[in-house]
There are 2 protein chains.
Amino acid sequence: MIDSAHYRFRQQRSFDYLSEHDLEVGVIVDVEGLRNRSLRYLCGHPEDALLFLFAAGRSLLVPWDVPLAHSLATADEMIPFQTYGRSIFSCIKTILEERKIKRAEVSAILPYPLVQTLKESLAGDVVRCHEGGIDETIDVLRIIKDSEEIKAIRRACRITDSLIEAVPGLFAARKEVTEVELALFLEGEARRRGAEGMGFETLAASTRRSYAIHCFPRFTAGPIGNQGLSILDFGVRFDGYTSDVTLTLARLPLKEKQEAMVEAVEQAYELARNLCTPGADPVVVGDRVQEYFQDRGFRMPHALGHGIGLDAHEAPSFRRSSSTGVRENRRIFQPGMVFTLEPGLYDPNQGGVRLENDFLCIDGGTEVLTSARILYL
Amino acid sequence: MIDSAHYRFRQQRSFDYLSEHDLEVGVIVDVEGLRNRSLRYLCGHPEDALLFLFAAGRSLLVPWDVPLAHSLATADEMIPFQTYGRSIFSCIKTILEERKIKRAEVSAILPYPLVQTLKESLAGDVVRCHEGGIDETIDVLRIIKDSEEIKAIRRACRITDSLIEAVPGLFAARKEVTEVELALFLEGEARRRGAEGMGFETLAASTRRSYAIHCFPRFTAGPIGNQGLSILDFGVRFDGYTSDVTLTLARLPLKEKQEAMVEAVEQAYELARNLCTPGADPVVVGDRVQEYFQDRGFRMPHALGHGIGLDAHEAPSFRRSSSTGVRENRRIFQPGMVFTLEPGLYDPNQGGVRLENDFLCIDGGTEVLTSARILYL
């Protein structure tokens, strides 16, 4: 468990941002349809609340479930969301008016009509909302993991590795394993080994479905691990922090084209690993790996990797721009960043190959945290 | 499987809305962090795509995973998201410019900075964005389920009921059942019985945690079903459509206060059922149930129920306003609506009681689709 002092420290860093930008309050929202794990990062409350950060040095949590907040959250003040008729609009408007706020910034994930209506209903240009503001400040904090966070990630990765080691035994023990059996085996074992849950819905795709990057549905009752290439992508969550690995299950004999795909992915993975040193630019590393694939007649249809932490996808990004595409969003690798590398190739006729492990950026290079591999059945 | 003709019909209804409002195109987006199941409703593509609906009668899908779209989606045209550097901003801007669009409406779930930047970069007031527009039109379609949708919901509910029936046996067979065992038993059995997956993360809360409405984490390694009140809330997804039920597990003897809570919830449930007839207003029904509780010294800290379908929470809402709170959002019950009723009471010292089943509004009343109950262990 992350203790209260850590949350206080993170809130203080947000107060500093607000003061530096002459803002009186920043508003973070996490509700259904607008998930934002920065809420949990800042105060420990897992979800469904608004968090008001006042530059003067106080935090106000407006949670949906008050008893839950009392047992989990660190905040100077709490008011039930129900007080505002469970309306995000009324909650923000009322609090800004009652406290006579002149300059506020709301999270850039809020929908256009909500922010526009707030701007119109609060006279005098009170409400600001832009990418690169308060959310970005928190992302910059989140991108460098502290010792407690790294401890949680290591626990998640250790459980992940113990599950990877158990997979061959499952196939050895049975004549046939289905996608659903494999997925539920992992999800059950993860919990039995102390995980809070899975980091995201497990993806188990047999040879017939592995050509789709995130196949749909994520798993079915059909067999997996037949001759050819199957994919298994999962993450384990511990104290909020998730791992994210992908195994390719290769049942021999492979076709020549499939062997070439496996070999290209393994070599691209080694290339990527060696390039990810402090000071390197993830976007440039991604470009280099894509060039490597293209020189061999392949194309990788997704990003090379992504940061992990409270979110299964977070900063650093390997893409040139923010998720909306509104602004450029480049980071260079620094010690304390945790990220995946996951080169992959997909072909409707041959299936898919992806190899994904988690890395911690350290002085002079990277430490690999998980041990996923191409698993020959 | 919902067939292509259904998607064509739904798209046509969207074209009609656009024509009526003198709009040339409507833009629906579903990407990570901005989930919108109207994408699947309109074209069958499950997630990660932009859908452009042209009033002239054509649909354009911009999917992240093209092979997946080719196997699942119904659209007149497809362009890979990658074409636009995986930027939502570039994708919308480029397509509107290339096709010389003068009046477009984008989904009201899009973030403020994205819509503001689009408005600024496309001269002449091209981009509109407001609650009550294209999203609302699709919500109005989605609120009345067609025969194929009701078939899928009935299948989800049938599997749900078979799981409910299996719960007592699990407790009878073991000296102790943990939250994780119970949750994973349901999740495994659901898949074995043909479900696509769960509708949302199963919530299994023992007597010590059941006071929190949506306890966190959703389940732990601790025992469930001990003396007192435990809660089990789960949903089964079939062909995209989810059920949603809650059982209270009551291990006797209960304390007097706990018995009073159970009795109040059961009576509130019967009251609610009888009030939900075609023509009734869900908000008024919710108020009546809240009054019933208040007359007995209780207070229900959440809404009485909600619509279900492709989303675990969708229209009709039992709340006065939209989820952002920007506008009023009332519906009256009509045949074809599917919704939950879930009165609940929670007390940090006594635990929680909730009873939730799914209902189909029919001529003259409701049909109950599931058979959750207070389960005495």
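I take helices (H or I, at least four residues) and strands (E, at least two) as DSSP runs, numbered from the N terminus.

**Entry 1: ground rules.** I am working on a predicted model, in which local features need pLDDT of at least 70 and side-chain atom pairs count only at pLDDT 80 or more, while totals for chains, interfaces and linings use all residues. Residues are numbered from 1 along each chain as its sequence is written, chains are lettered from A and ligands numbered from 1 in the order in which they are written, and side-chain values use heavy atoms, with hydrogens and water left out.

**Entry 2: backbone.** I began with the background that most residues other than glycine have a negative phi, and most peptide bonds are trans. I looked up Asp239(B), which sits in the loop between strand E12 (236-238) and strand E13 (241-242) of chain B, and found a positive phi near 50 degrees in this residue other than glycine. Asp239(B) counts as partly exposed because its relative accessibility is 24% (buried means under 20% relative accessible area, exposed over 50%, partly exposed in between, with a 1.4 Å probe and protein chains only). Asp48(A), not a glycine either, has a positive phi of about 65 degrees; I located Asp48(A) in the loop between helix H2 (38-43) and strand E2 (49-54) of chain A, and its 15% relative accessibility makes it buried.

I then turned to the peptide bonds. The bond joining Leu252(A) and Pro253(A) is cis, with omega about -5 degrees, and Pro253(A) belongs to the loop between strand E14 (245-251) and helix H9 (256-275) of chain A. In chain B, a cis peptide bond runs from Phe216(B) to Pro217(B), omega being near -10 degrees, and I placed Pro217(B) in the loop between strand E9 (203-205) and strand E10 (223-224).

**Entry 3: helix packing.** Two packed helices are described by the angle between their axes and the distance between the axes. I note that axes are lines fitted to C-alpha atoms, for helices over the stretch in contact, with angles from 0 to 180 degrees between N-to-C directions. For helix H5 (residues 112-121) of chain A and helix H5 (residues 112-121) of chain B, the axes come within 8 Å and cross at roughly 80 degrees. H5(A) is therefore roughly perpendicular to H5(B) (under 35 degrees counts as roughly parallel, over 145 as roughly antiparallel, 65 to 115 as roughly perpendicular and the rest as oblique). Tyr112(A), Val115(A), Gln116(A) and Lys119(A) of H5(A) meet Tyr112(B), Val115(B), Gln116(B) and Lys119(B) of H5(B), contact meaning heavy atoms within 4.5 Å.

On the H1(A) side the contact is made by Arg10(A), Arg13(A), Ser14(A), Tyr17(A) and Leu18(A), and on the H6(A) side by Ile134(A), Thr137(A), Ile138(A) and Leu141(A).

**Entry 4: Tyr346(B).** Which residues does Tyr346(B) contact beyond its neighbours within four places in sequence? I listed several, among them Ser210(B), Ile231(B), Met261(B), His302(B) and Arg354(B). Tyr346(B) lies in strand E18 (residues 344-347) of chain B and is buried, with a relative accessible area of 15%. I also noted that Tyr346(B) and Met300(B), 46 residues apart in sequence, are 7.7 Å apart in space, C-alpha to C-alpha.
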